[in-house]
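Please read the points below with the model open beside them.

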Number of protein chains: 2
Amino acid sequence: MAMKKKPVTGMKDILPKEMAIRDYCIGLIKETYKTFGFCSVETPCVEHIENLSSKQGGENEKLIFKILKRGEKLDAALAGNAIDSSSLVDGGLRYDLTLPLSRYYSNNANELPNPFKALQMGNVWRADRPQRGRYRQFMQCDIDILGEPTILAEIELILATTTLLGKLDFKNFTIRINDRRILKAMAAYSGFAETDYDNVFITLDKMDKIGLDGVKEELIADGYAEESVIKYLGLFEKVTADIAGVRFIKETLGDVLDADVADGLETIIASVEGAKQAEFKISFDPTLVRGMSYYTGPIFEISMDEFGGSVGGGGRYDEMIGKFTGNATPACGFSIGFERIVMLLLERDFKIPGTGEKTAYLIEKNMPAERMQEILTKAKAERATGKIVNIAIMKKNKKFQKEQMEAEGYTVFEEFYINKLN
Amino acid sequence: MAMKKKPVTGMKDILPKEMAIRDYCIGLIKETYKTFGFCSVETPCVEHIENLSSKQGGENEKLIFKILKRGEKLDAALAGNAIDSSSLVDGGLRYDLTLPLSRYYSNNANELPNPFKALQMGNVWRADRPQRGRYRQFMQCDIDILGEPTILAEIELILATTTLLGKLDFKNFTIRINDRRILKAMAAYSGFAETDYDNVFITLDKMDKIGLDGVKEELIADGYAEESVIKYLGLFEKVTADIAGVRFIKETLGDVLDADVADGLETIIASVEGAKQAEFKISFDPTLVRGMSYYTGPIFEISMDEFGGSVGGGGRYDEMIGKFTGNATPACGFSIGFERIVMLLLERDFKIPGTGEKTAYLIEKNMPAERMQEILTKAKAERATGKIVNIAIMKKNKKFQKEQMEAEGYTVFEEFYINKLN
């Protein structure tokens, strides 16, 4: 059978230039998050198909790369003449890191600190329609705090993430924050039925694209009572993107919203604003919805003008781990869009700090063993100091060879001949 | 459907203690190999099923985790009522990093330096029978030099790998080296038919277990001419594990072996011995076979007494890339057994160098926003110096909480109360 040169559809080969930036980011992420007390953990890339199909993953469950059973189990399934494929598979590639982390925590809680601050960096897979800049395999980078019910979790997650972005030279981004309970209370206050919330939020989510009027039109077209729609949009007209806005919501909604929710959000905003390391804004955004149904409390997202979209987000999901253990465990996480960040750094031709001089030794071919040892010993001494020394056989067109190596960043060239000392 | 807590069969959740060692090794590997001029590259974890089944992978091809087709292609395959599974799948998880690298190089050669020194660290998957200490997902760590026909490649690969092992505090290991062409020449010299080589080598490979007499018995039992067997084993009786041994083989085999092969091996051994950084032996081992059929020249393996087996190996495979491109491209690689190395470090309770003091701030619950800012600002200053500061809500049983955090390595505790200054 012919060998295929291209990677599989929707996945990519990563070239050295991009990999250098990825390696740098991975190192910086681990280093930064560790100063906040996060520990690295890893789960297998393959997850039980039952877990992946447990309705925690929303739309992602339609995008699973499924893994065929093996051996006798496969033979039995094939003999059964399955028309649908579900009997043929027993696993799938994980589509995110949150579901596997919940399984991990429920499996290992006895051996983990409480609360547990987890750092995960790993590939996930989604069989999305291939499109420019979106791949079917991509790296996710999540921090999660499990077992911490207070807003300390939200504050630490936001500070850790924004400190990292600052170290990567990102400025003037915005952390938008909301709370699922505020989202629901605003809908309840306006008179929407609880069964309609999800649908109302889908429309609300379009606020930045279609504006207040667009949202109003769409809600009315969907058949909701005009009175409710007007009351609802009245809230958004009056609310401001700051602590005053949170207080306005608290006062206006009154008993419909637990006062602790607004107070907590206020403390999160004030604490992050007061102790932030990087240059960014944190703003209250009551239109922030976030799709995943598992969120139960504060939710947040990073907006960056240069990207024109979200480069990360997260929130509290206090009920997911209970699905495994039967006991609810508070949990909150923040995920950065690793691939988007790498893309932005590549676009702005990011220079990796601390990359020293790169030296090339060009050596004549057929170097005898003794002379070779001299050269290697010299290289050993330079390499031991952390310097990059690349030994290459001298080519006939030495000028061209040097030009090519210069393009790779080599600036120092030394030449070694069999019969000439240097 | 019930959620499953355990990872899928044969794969494991990695706990923080092991992850800390893995992260340290990954950092050190990248840092060390980069001083030798290697560049990180990455290929997708999913590979074309055609490539994975191209007979390059030997026994590993029987262990592929196969990925089901999706959408209409799956429907069509299922409608075809396939009794075997091949029509149902279009991809599989890679079982090693060598085959994907060959595809990568053939796909991207125009954008890569020549020669190209590649560093790959990534998971591979093999559906092996689960057994203690062997997992179905494991990390591989390979360096390869593509486009370099001379023994400079072998020398640099061995020096880079052994320098790394030295930095990880491994000593007194042995690099065993042989050449597939010597292996074949010794068999030819003894009168075995070329078609019998592979079978003869399978027996030879057992030398360390069954000894010279055992190998002799087995070859005779397999029906080979006694004259050949005696001549063959006579060579192994006389050869020594050093440069003198290589010279003995060169002289004895005469025209059956290209003199350059023995001279090259001699230069490799002398150069590595003369310029090595770590404490280890390099020895000529004419019984070294290495299973993969793709090797064409020098082959090598790392033996470590504390492990009682190989913790890495590699060799020259000049013909694999030609399978993709049609043009043979010289290639040589060295892979270290990352999982085995991590296991050995865990067993000897390896202390990660440079891990500073870990500080815990224990803070009273319901800290008001202003006081919270003070605490966070203090943490910010400490974290900015690279120190680990973990902020935790003070528990009722503070003594127990501290004991637990001490077990995680926290040695400094500071307490913060709402109404007390400190």
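1. Basis. This is a predicted model, in which local features need pLDDT of at least 70, side-chain atom pairs count only at pLDDT 80 or more, and totals for chains, interfaces and linings use all residues. Residues are numbered from 1 along each chain as its sequence is written, while chains are lettered from A and ligands numbered from 1 in the order in which they are written.

2. Chain A as a whole. Chain A has 15 helices and 14 strands; helices (H or I, at least four residues) and strands (E, at least two) are DSSP runs, numbered from the N terminus. The C-alpha trace of chain A spans about 95 × 65 × 45 Å along its principal axes. Of the 422 residues in chain A, 45% are buried. Here a residue is buried if 20 or more other C-beta atoms lie within 10 Å of its own, exposed if 12 or fewer, and partly exposed in between, with C-beta atoms placed from the backbone.

3. Contacts and domains. Among contacts in chain A between residues at least 6 apart in sequence, 69% join residues at least 24 apart; two residues are in contact if their C-beta atoms, placed from the backbone, lie within 7 Å. The domain assignment of chain A gives domain 1 (16–347) and domain 2 (358–416), with bounds that come from an automatic or database domain assignment. Taken over C-alpha atoms, the centres of domain 1 and domain 2 of chain A are separated by 49 Å.

4. The sheet of 8 strands. Chain A has an open sheet of 8 strands in the order β1-β5-β6-β11-β10-β9-β7-β8, with mixed pairing. Two strands pair if DSSP finds at least two bridges between them. The edge strands are β1 (39–40) and β8 (280–284) of chain A, each pairing on one side only. Strand β5 (residues 116–125) of chain A pairs with β6(A) in the antiparallel sense over 10 bridges, and L119(A) stands opposite I143(A) in β6(A).

5. Strand β11(A). Which strands are joined to β11(A) by bridges? Strand β6 (residues 137–146) of chain A is joined to β11(A) by 6 bridges, antiparallel, and strand β10 (residues 309–316) of chain A by 5 bridges, also antiparallel. The bridge partner of D142(A) in β11(A) is S335(A), and that of G312(A) is I336(A).

6. Burial of β11(A). Strand β11 (residues 331–336) of chain A is mostly covered, with 6 of its 6 residues buried. In a regular strand the side chains alternate between the two faces of the sheet. On one side of β11(A) the buried residues are A331(A), G333(A) and S335(A), and on the other C332(A), F334(A) and I336(A).

7. The helix across the sheet. Helix α5 (residues 152–167) of chain A lies across β6, β7 (173–179), β8, β9 (298–304), β10 and β11 of chain A. Helix α5 runs at about 15 degrees to β11(A); axes are lines fitted to C-alpha atoms, for helices over the stretch in contact, and angles run from 0 to 180 degrees between N-to-C directions.

8. The sheet of 3 strands. Chain A also has an open sheet of 3 strands in the order β13-β12-β14, with parallel pairing. Its edge strands are β13 (388–393) and β14 (410–416) of chain A, each pairing on one side only. The twist averages 25 degrees from one strand to the next. Strand β12 (residues 358–363) of chain A and β14(A) pair in the parallel sense over 6 bridges, with L362(A) opposite E415(A) in β14(A).

9. The interface. In chain B, 89 residues are in contact with 89 residues of chain A. Helix α1 (residues 16–35) of chain B gives the largest share of the side that touches chain A, 8 residues. Why do the copies meet through the same surface? They do so because 100% of the interface residues of chain B are also interface residues in chain A.

10. S283(B). This residue is found in strand β8 (residues 280–284) of chain B. S283(B) counts as partly exposed because it has 19 C-beta neighbours inside 10 Å. Leaving aside neighbours within four places in sequence, S283(B) is in contact with T174(B), R176(B), A241(B) and D242(B).
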